[in-house]
Amino acid sequence: MASESVVLQRLIGWVAAPEVDWDAAYSEQLPRVYNFFRYRLGPGADAEDLTARTFEKAWVARHRYRRDLGRFSTWVMTIARRVAIDHLRSRKNHLPLDEGMDVASGPSPEELAERRSDAARLARMLVALPERERELVSLKYGAGMTNRDIARLMGLSESNVGTILHRTVQQLRAGWDDAGG
Amino acid sequence: MDERFMRSLEQAPDPEFARRLRDQLGNDIEADAEERPRARWTPLLAPAVLVAAIASVIFFPSVRASAQAFLDLFRVHTFTAVSVSPDRLRQLQEGKLDLKTLLGDSVETVQEPGPPHPAASAAEAGAAAGIMVKVPGTLPAGLKPDSVSWRGAGQVRVTADVERLRALLDALDIRDVSVPMAIEGQKIDVRMPAVVEQRFRNEKRTAELLQAKSPEITLPTGVDLAALGEIGLRILGLEPAEARRLAQTIDWRSTMLIPVPGNAGSFRQVEVSGQPALLVTAKGERKDGSPREGTIVLWSRGDMVYALAGNLSNMDLLQMANSVQ
């Protein structure tokens with residue numbers, strides 16, 4: 001009987017899953033995907049382009065969504081992760097995003113104001129993180145995912161995700177405090 | 001300082017951007033909502049699945065063996081359906097039981113299966129999953145191969161918690177069964193091997209064939225499985241006499257029990273390639289009130305388990321299942 005707890009989830013779990021309401025899914029997931037890119041790549045204009053690319057890919061591949069293998073939000077974030085990786089690969093020689101924005105056009109008054117904001121400050125700190133830590137933070141605080149869903153998405157254990165996140169936030173907190181936060 | 005600073009980069013998308021992208025996707029989304037000719041799967045089995053999961057998770061560690069005991073190894077070879085009480089499912093749905101609290105930390109994920117991996121072919125997916133993949137020789141109703149994917153093995157460890165089980169029984173007003181203290185703290189490992197899925201579709205219909213090695217369950221020996229199964233069936237809402245009769249006839253070491261809500265589905269035993277199989281049909285409604293229906297057939301062969309699900313007719317589904325070679 002215990003086998004049900006696993007096998008039912010895997011073999012007929014998708015029987016139990018409701019249809020995807022794409023309109024509702026778009027409204028719900030758009031801010032998550034958009035903020036994932038803000039945390040993952042920085043608060044530049046790329047976040048909108050990459051968000052649009054993610055939803056276009058999701059729509060084209062909608063028939064491939066497997067409801068038994070995970071929630072819709074997790075599936076969309078799987079696509080978003082790939083979009084981010086492709087984007088980073090295509091900009092192999094890119095400068096860190098906050099620097100890149102300056103070089104491109106020079107800071108506007110608004111950008112200068114933002115640079116002084118907490119958001120820009122956090123963005124600069126995130127740039128210094130290793131890729132894995134930055135991705136975890138992006139999924140947790142940008143996409144608002146649970147540790148369990150992040151673990152599934154990244155193939156890590158839930159406890160490992162919690163440990164890495166805790167350590168990373170502590171590190172960021174220390175840097176924030178040192179900088180006068 | 002708390003973690004609020006971690007949220008400081010969060011920002012709502014520009015409404016104009018959100019509207020523009022929505023419009024860009026919009027026509028397609030609305031068209032899809034209007035079409036939806038596919039009688040997709042109903043969520044009506046969901047509570048039953050949940051209940052089964054809860055019951056099995058709680059019950060299987062019901063062992064009386066000492067820590068020195070040998071381990072038993074269980075594998076699924078047969079599937080049996082049981083009609084469960086819609087009232088019990090409603091009771092669970094209405095939140096009269098806080099199942100999450102009842103389960104709590106008694107379930108530990110030992111191995112995450114990871115995300116699904118797309119594959120170029122069934123053979124490639126099989127190689128990655130470590131199984132000899134079979135494919136259907138017949139695709140009825142004009143179905144065409146659509147996609148193939150595989151997912152890695154997963155493993156969970158469950159620790160029995162007598163107090164939680166008692167709380168569950170109390171919440172369900174089941175007073176005539178006792179929970180043996182000997183199960184407290186006992187652990188069980190449930191391993192689900194890697195799964196390969198092949199998906200087929202046409203304009204209106206879909207079918208998915210899943211195959212995997214049989215799930216394995218290990219637990220200390222000395223378990224009175226029939227007694228524990230009886231409690232599990234009571235949790236699913238069966239009457240005491242019926243639960244006792246079924247518990248005594250089911251081979252708990254090799255049978256996966258599929259709970260089907262009495263008001264939402266039907267089931268019958270069939271044969272696939274000469275092997276006993278279970279055909280479950282679930283019925284529900286679309287948002288517009290029109291009926292929808294889906295069917296799944298489950299069978300095993302050797303050390304493999306198979307599930308073929310879709311919105312095909314029973315005849316087409318069984319024809320396809322019988323052609324899996």
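User: In this predicted model, what is the handedness of the crossing where helix 2 of chain A passes helix 3 of chain A?
Analyst: Helix 2 of chain A covers residues 22–41, and helix 3 of chain A covers residues 46–60. Where helix 2 of chain A passes helix 3 of chain A, the crossing is right-handed.

User: How many residues in the contact of helix 2 of chain A with helix 3 of chain A are nonpolar?
Analyst: On the helix 2 side the residues include A:Tyr26, A:Leu30 and A:Phe37, and on the helix 3 side A:Leu50 and A:Phe55 are among them. The contact also holds 2 polar and 2 charged residues. The nonpolar residues number 9.

User: Which helix of chain A has the lowest confidence?
Analyst: The mean pLDDT of chain A is 74. Helix 8 (residues 131–142) of chain A has the highest confidence, at 93. pLDDT stays under 50 over residues 1–18 of chain A. The lowest mean, 39, belongs to helix 1 (residues 3–16) of chain A.

User: What percentage of the residues in chain B is buried?
Analyst: Chain B has 9 helices and 15 strands. Of its 325 residues, the buried ones make up 41%.

Conventions: Residues are numbered from 1 along each chain as its sequence is written. Chains are lettered from A and ligands numbered from 1 in the order in which they are written. This is a predicted model: local features need pLDDT of at least 70, side-chain atom pairs count only at pLDDT 80 or more; totals for chains, interfaces and linings use all residues. pLDDT is the predictor's confidence in each residue, from 0 to 100. Helices (H or I, at least four residues) and strands (E, at least two) are DSSP runs, numbered from the N terminus. Two residues are in contact if their C-beta atoms, placed from the backbone, lie within 7 Å. A residue is buried if 20 or more other C-beta atoms lie within 10 Å of its own, exposed if 12 or fewer, and partly exposed in between; C-beta atoms are placed from the backbone. Axes are lines fitted to C-alpha atoms, for helices over the stretch in contact, and angles run from 0 to 180 degrees between N-to-C directions. A crossing is left-handed if the near helix is turned anticlockwise from the far one by less than a right angle, and right-handed if clockwise. Ala, Val, Leu, Ile, Met, Phe, Trp, Tyr, Cys and Pro count as nonpolar, Asp, Glu, Lys and Arg as charged, and the others, Gly among them, as polar.
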